[in-house]
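Here's a quick briefing to read with the structure open beside you. Take it one topic at a time, and find each residue as you go.

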Amino acid sequence: MNAMRATKFEFQYRFWIISGIYFFGFALSVVDRTPFIVALRQLIAPSIMRATPEAAMFDRIVIVAGALLVFLSAALRTWAAAYLRTDIVHDTAQHSEALIADGPFRQMRNPLYLGNLLMAAGIGVLASRSGFIFLVLANWIFVYRLIFREEEALRQNQGETFRAYCQAVPRFWPSLRPRVPSANRSPRWGQAFAGETFVWIFCLAELSIAITLRARVGGVVFLLAFLAYFIPVRLVKKRRARAATGTTDH
């Protein structure tokens, strides 16, 4: 378990590490020139010929399915951020001073990281064969490393409360029904949607590719989504600055 736990550096720079995973995954198309969609079409519908209306329809269906996974990722991450708060979700510092057991956290312990995997699979359909496999596996491994680090910190700070929570709520795959009673924590949807704007734009980017079948069009929107990530980062910095000012005033 200790060997699988992410380091402080990995947690602090998790956004850039995940970005690097995506960059490398798509860069694999240099050595593997067969797109995942083409490989999938050859596997399940070999009778469909290349550059035909049927092939274009197949491509659109797969890309829309990928966009649906990204949509589910955005919805799940937004739901979780409404209870955990965006300034904690996107903070480079680790927080273990409180245990959140409301919203999706009543059915799974790590909804945000499950959202990451859904997003990797959804966006991965646009990569090459090896790129898709790399994106899913690399994200899976890194997510679990982050989970092990966070759980260890919660175990040390929350003690028996966290152990009881772990026994009741699955680590990753969600239960169909809540496993713990609600703590009546009020969700804050405005800041949650603001913090997860970039994932919603990722979904729009993939839908634009499905409609046009032009990677360049989606690429521009994906770039906008990447830049939108820095919206919650700025919110975190502002909150920190206000907190620091308040401390200094006292």
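Let's start with a charge and a ring: the charged end of arginine 14 sits over the ring of phenylalanine 11, 4.2 Å from the ring's centre. Keep in mind that what you're looking at is a predicted model.

**Aromatic rings**
- The count of aromatic pairs comes to 15, taking rings as paired if their centres lie within 6.5 Å.
- Ring pairs also join up into a cluster made of Trp140, Tyr144, Phe148, Phe172 and Trp173.

**Helices H6 and H7**
- H6 and H7 pack with their axes 9 Å apart, at an angle of about 170°.
- That angle makes H6 roughly antiparallel to H7, because anything over 145 degrees gets that label.
- On the H6 side, the contact is made by Tyr113, Asn116, Leu117, Ala120, Ala121 and Gly124.
- H7 brings Phe132, Leu135, Val136, Asn139, Trp140, Val143, Leu146, Ile147 and Glu150 to that contact.
- Sort the H6–H7 contact by class and you get 11 nonpolar, three polar and one charged residues.

**Helices H7 and H8**
- H7 (residues 129-158) also packs with H8 (residues 160-168), this time at an angle of about 130° with axes 6 Å apart.
- So H7 is oblique to H8.
- Glu151, Leu154, Arg155 and Gln158 of H7 meet Glu160, Thr161, Phe162 and Arg163 of H8.
- By class, the H7–H8 contact has two nonpolar, two polar and four charged residues.

**Valine 125, in a loop**
- You'll find valine 125 in the loop between H6 (111-124) and H7.
- Is valine 125 buried or exposed? It counts as buried, because its relative accessibility is 8% and the cut-off for buried is under 20%.
- Valine 125 and glycine 66 are 59 residues apart along the chain, yet their C-alpha atoms are separated by 6.3 Å.
- Not counting residues up to four places away in sequence, valine 125 touches Phe36, Ile37, Val62, Ile63, Gly66, Phe132 and Glu206.

**Glutamate 196, in another loop**
- Glutamate 196 lies in the loop between H9 (189-195) and H10 (197-212).
- With 0% relative accessibility, glutamate 196 counts as buried too.
- Which residues is glutamate 196 in contact with, leaving aside its neighbours within four places in sequence? They are Arg77, Thr78, Ala81, Val89 and His90.

How values were computed:
Residues are numbered from 1 along each chain as its sequence is written. This is a predicted model: local features need pLDDT of at least 70, side-chain atom pairs count only at pLDDT 80 or more; totals for chains, interfaces and linings use all residues. Side-chain values use heavy atoms; hydrogens and water are left out. Axes are lines fitted to C-alpha atoms, for helices over the stretch in contact, and angles run from 0 to 180 degrees between N-to-C directions. Helices (H or I, at least four residues) and strands (E, at least two) are DSSP runs, numbered from the N terminus. Angles under 35 degrees count as roughly parallel, over 145 as roughly antiparallel, 65 to 115 as roughly perpendicular and the rest as oblique. Contact means heavy atoms within 4.5 Å. Ala, Val, Leu, Ile, Met, Phe, Trp, Tyr, Cys and Pro count as nonpolar, Asp, Glu, Lys and Arg as charged, and the others, Gly among them, as polar. Buried means under 20% relative accessible area, exposed over 50%, partly exposed in between (1.4 Å probe, protein chains only). Rings of Phe, Tyr and Trp (its six-membered ring) pair if their centres lie within 6.5 Å; planes under 30 degrees apart count as stacked, over 60 as edge-to-face and the rest as tilted. A charge sits over a ring if NZ of Lys or CZ of Arg is within 6 Å of the ring centre and within 35 degrees of the ring normal.
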